[in-house]
Each structure stands twice: as C-alpha cells, then as structure tokens.
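Student: Could you take a close look at one single spot in this structure for me? After that, I'd like to see how other parts of the chain compare in setting.

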Amino acid sequence: MTTPSRFEILAYTGGKLRVEGFEMPVVVDLAGLTAEGSIPITIKHDTGDATILGQTDPNAIINDGACLMLGGAITAQPELSPSVARVIAMAANGHHWQASIGAQIEESRDIEAGQTINVNGQDLTGPFTLATQSVLRETAVLGMGADRKTSVTLSAEAILTLKAEPMAEMKPEADATTPDDFEMWSASEDAQAALKNGYAQYLHTAAETLETASVTEDVTPGEELDPVVDPLAAASTEPNPADPMDDPTKKKEAPNMAAMTVVDIKAEVNLDIKAARKQAADEVRRVGQIRALCKGDETLMAKAIEEGWDATRTELEHLKRQRSTAPAGHVVSANAADTLSALQGGMLLRAGVRLDNPVFASEMGIALGLPGWLRAGLNTDQRQKAMEAGWKYRDMSMTDLCKAASSLDGNRSQHLDGSNQGFIRAAVSGGSLANIFTTNMNALMIQKLQESGDSTMGWTREADAANFQTMDRIRLVKGGGLTKHKRAGTADSADRSDQIESYKIARYSQQFILDEQDIIDDQFQALKDMPDEMALACGRLRPDLVYSILLANGNLTATGAALFSASQPAGIAGGSAQANLATGAALTAATLQAAIAAMMAFRENGVGVNQPATHILVPPALRGTAYNLLESQNIAAGAGTTNAGELNPIASIQRDDGRIAVMTDHRLVNGVVDPNTGTAYSGSATTWRLVSNKLPTIEVAYLRGSGRAPQVRQFILDRGQWGMGWDVNLDIGAKALEWRGFYEARA
C-alpha cells in the first residue's frame, strides 16, 4: 500500500451544525468565514503534536460561498504517531472519515424560529445561530462530524479540485456527469488529464472499498442504487487487465461502488453550478437596480456596472452628477430609513466622530435621542449596515446633502427651479436635514463631554429633583452606642436628631445658529464647532457650581458655621470645638498625615466617624507634590530631610485605608464665577483639600427624567433670519450637605 501524502477534505457544506456550548444549531456564513494560510488538520480536534495530520496549502483552500473545501499535504509521520497511522490505515481499508471545522466566532446573531434566510446558497429556517464573521483555526478528521455530508480523501498525489472558474465561459446546458464535461470551465489539457487520472484513481479506490466496507447508513439494505457511468469507458477502448474496473467479473459492481464512495463528484459539481447560477441572478438584480437609479444616464450606468457599485453607491453618485440640474434630489432609496441612517453616519464621520464609540449607548445617548442604529450593539446588522453606508456619504457636499434630505422629505415642488438655494431651503424646512444635523450635534457633544472629563466626579454625590422648587435634604445624625441592658428591663431609646440643608435646581441654557450662508458656502466646520462649543459650555456648568461652593466657603444651615472652619461643633457634650481648617499648612508629608488623622477623628453626637480620606483636591502646581507624597514607597531626599530612604508612612496608610485619588482643576487657582449668582470667587495656588466620599459632601441634582444630560432642541430661523438653530438647556443645582467629609489646608 502506498502511503498517502495528500488530503482533500470537503470540510463544510453550509448547513446547520450541532455545536457543544450552543443551545441552537449553528450555521457558519461562508461569506464571512476567513480561511487563509496553512491551517492545521487535526485528529478529533486535538492540537497536540502527535495528533496533527497535516496542513492546508494556501492556494488549495476553496470557499465558493456554498461549501468549504481544503487540500494540502500530510506532514505527519505515521510511524511516530499511532493516531495518524490509524487514520491512514483505516482509510486504506475503506473507512469513511468525516470532517469537522474548528472556527473562532467573532460576530453572530440568532435567527428566530420560523424565520427563513438565504445563507450559503440555501434557504435555512430558524431557530439557529448564524456566525456572520468567523475565522477558521483548524479542521479535524473524525469518525462522525456535525455535518454528515463532509468527507476526507487521502491520496498519493493531488487530485484536481472541482471548482467553477469564470462564469462567462460556462456552457449553460452542460451537465457535469463525467470528466469530459469539465471542459465547460476551459481547463487546460494538462488539467483535464489530471482530472481524468484523479477520477480513475477515485473509482479504483471505490472498488477496493466495496470489498472491505459495509453498506453506509445512507443506503437502505436491499435498495437498488442508481447506476453511475464510468467516464473512462468512453475515454479509452483499450482494456487494462491490472485495473479491477476492466475485470468482467467486477464490472457489474461498479455502479454500487461508485454510489457508495466517499465523495459524490456529480453532487459537488452541481453545487458549484447552483452557486454560479445564484451569483449570475444576483448580478442581474444589481444591474437592474443600477439601470433604474441612473435614469437614462448611460455613462454612469456603464461605470457603475463595470466597477461593481451597489444601489447605495449608485444613488449617491447620481446625486452628485445632478448638482447642476433640477431633478438631482429626487432619488429616494427603497428604504428611506436606511438612507437617513447612511446620511447621518456620513455626517458624523466627516465631523470626526467615532461611530463605534460605546458612550452612544449610555443613558446620555438615550436622553439626547440618538438614533437607534447609533445606540445599537456594535455587532448588530443595523449598526454595521449604517456604518458601512456612512463611509460612502462622508465626502458629500452640503448642497448634495440638502438634495438627498429634501428627497427623503418628498419636497419637490419647492425646488423646481433647480437652484442650489432652492434645494437648501426645501431641506431646511423639512425634517430629514434637521434630523441629520441634530444627530451630528448630539453625538459630537456626547463625545466632547466624554473627552473633556469632569474633575468633580467621584467625590460628589448625585440626585434627582422632581421640579424646580426648594427641596430639603434631611440627614439623621449618628446615634449613641448600645447601653447595658438591665435584667427584665427595657432597652434605652436611641437619641437621634436630624439636620436639614435646602436648595433647588435651576435651568441654564444657550442657543447656537447655523446661517443659511454657511450651508451655501459648504461650511461643514460650523457644524463641528457648534457642538464642541455647546459641549464645553455644558461641561463647564457642573464644575463651576461645585467649585463655587468650595471657594465661597459659605455657612451650612444646620451648624451656622462655614463649610471650612476651625470652630466646628464639638460633636460631644462638653467637648472642645473641632477644626476642618488649618492655616500655615503647606502641602508636606507632615501636614498631609495630620489632615488624614484629623478627618478620621471627627465626631458627631459623641460617635467617631472614623472615615478615611478618599480624594485630595490640589491646584495644578501641587499635583506633582501630591503624587510624590502619596505614591512614593520611601521618603524622598530633599532640603531639610533627615530620614530620606525610610518607608513612606502615607503609602502604608493607603494600603490599609484605600488609595487617595489626586484631583486637580484650574478653578482651584484661577477662581470661578458662580453660575447661580454671578459672584466671582478667587482661588489659591497653595491651598489644598482632603475629601471623603464615604460621608455626605456636595450633592449635585438634576431634573428627574432628563437623563442627567443636556437637552437639545432644533428650530428654523424666520423673521429676517435664514437657516436653522439649536438651543440647549441643563437643569442642575448643587449644595454642600456636611462639613465632616472635608478638610482644607492653607499655606
């Protein structure tokens, strides 16, 4: 027996697979399967050295959209691997090995029960999981695969893989029954000869298989099989005594042998023909769509067909070519929602927005009314389709955008003069352009807010307000400890009281205008600058309110004392006043340790709060000093330092109590104007503060139902103005609730 050196595998025929770990069958979309390079061929999906049979040749991987075929060399040495030796020996004895693909699924979606889709050239009905994007990592040889139509052939030399070549050279009426019929693919004489020789060897192997193999499970005992004609009978009239097919005693067995062989060549070729026919039908449909969209423009139609444009690309190019004529904006996609999504995506890409930004799916994205496709999961068909279409629209001019938008609105009578200004005014008065521009504004604003950050996050608290009226924030003070219980006595009542701080939210607003002249002048930059300015204005509001409270150092209602004071309530009957304000305390290791200790020792109603600092607020000039004090493992050498090199105790304190985060903001040194009162407060380059977010600090409240986000509204300019505008409002307020969560140190 000649040891085989090659393999040919029909690895997947495009149907449903039962895969461990999936509740439903899995269908691998061959259009989204990446299969490249030298792919390992394993035994039973075992990737150990002793169970690798071989690897594919990069040019012998054939994925025609209907099935996956692999060819390559057997690189294993049977004498060194019992598993490989067993596979080869059993194949020589006629065993029908099957195959199973091992693919890494990168994107998938579920097809619901009863839903039918066309995939891999087949109409498949759910429920099943469709792997839309996957990568072939390995393919296994095993006794029974998830796809029972798969097969593995081992041979001493390569067999020409049956695959259709250019469709234009196909004989439309050909029926690939014998190797002679494969001339429909215009194969070379050498290729045809190789095919015939391979087929002869194929039938020869089938004859040997019959002697050792039992009837397969696909053949009912006693069933008469359809005869299969030996294609070599017509190719050669000379008998070959060495060939069992020329043995008169075995000729009658040939039909059964061929029917039971591992690979049904005719079925595979018919599968290729079916795929080719489907491809031809798809091309006819594409050309028909292009013809309808080009509306008699033969030059554009020829270019679209030649370069393989789809309907969306053709529609866009037709709009561009019609800029100087009246009918330009009249083309409306068969699916207006898809066209609107594509235009929105194109505008966002032009403005530098990342369409895959996860912040769009946040509560703020919902509150600002971003379209569903932009908030949908990144791997959903809706999101992917809109993102891909958006790339085709990203270079669209402002005028063409107005033409497309007015077409979506159905506004035709308003621009019969064919002028660009007519299209622009029709689009501005409609809803589609406003939708596109507003989506652009909101997405840019969310992205800018995310990029700019907020130094008040983390150490302040958030709440929702039902309305704009004054609201009371009631807090129970800490109660006393447990008292010793007398036998048969009654437990003592806890001595509790409450403290109240009151405030209310207010509405803050601003408006931005896009003049019609900017649209005519193709000023896309205005549409990028406005949301940036809007985002910066909204992003400044909350920090301005919060830092105004810190720098104003106003009195708390509950205590009558300032937020930072050296004479806070004693916290215990007969005790001395407490201090959360220190002067002459520049930021050093000693002053920082003293502040941490003071905060831990604060008392309320005789009870120690025992809460560690969580944040340190420093002006930009002290940022480096703060990091050095908090994160150095040893005390750094410096002027006046006598114990440099010793363990930094502040680092050890943080290991016990939790890390102290460094927060900085320019307002701490530059000062701030209170948006609520208009009062200006000055900052300091040397004052620093500790905060514990484990205690009440400053509460920031938003109007309930606003998503704690700005609200944007679009309007059309009139009464002597031309264009469109947007106004934005943010309903917000802030108030300090308690002093024990703060400590201020002034140099």
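Tutor: Asp-46 lies in the loop that links β4 (40-43) to β5 (52-63); strands here are DSSP runs of E with at least two residues, helices are runs of H or I with at least four, and both are numbered from the N terminus. This is a predicted model, in which local features need pLDDT of at least 70, side-chain atom pairs count only at pLDDT 80 or more, and totals for chains, interfaces and linings use all residues. Residues are numbered from 1 along each chain as its sequence is written, and side-chain values use heavy atoms, with hydrogens and water left out.

Because its relative accessibility is 39%, Asp-46 counts as partly exposed, a class between buried (under 20% relative accessible area) and exposed (over 50%), with a 1.4 Å probe and protein chains only. Along the sequence, Asp-46 and Thr-139 are separated by 93 residues, yet in space their C-alpha atoms are 10.0 Å apart.

Ile-105 is also worth a look, and its place is in strand β7, which covers residues 98-111. With 32% relative accessibility, Ile-105 is partly exposed too.

Ser-548 has a relative accessible area of 2%, so it is buried. Setting aside neighbours within four places in sequence, the contacts (heavy atoms within 4.5 Å) of Ser-548 are Pro-543, Val-672, Val-673, Asp-674, Pro-675 and Tyr-681.

Helix packing gives another view. Helix α12 (residues 398-409) meets helix α14 (residues 432-452) at about 125°, and their axes are 8 Å apart. That makes α12 and α14 oblique to each other. The axes are lines fitted to C-alpha atoms, for helices over the stretch in contact, with angles from 0 to 180 degrees between N-to-C directions. Oblique covers what is left after roughly parallel (under 35 degrees), roughly antiparallel (over 145) and roughly perpendicular (65 to 115).

Stepping back to the whole protein, its secondary structure comes to 20 helices and 27 strands. Of its 747 residues, 45% are buried. Among contacts with a separation of 6 or more, 72% join residues 24 or more positions apart.
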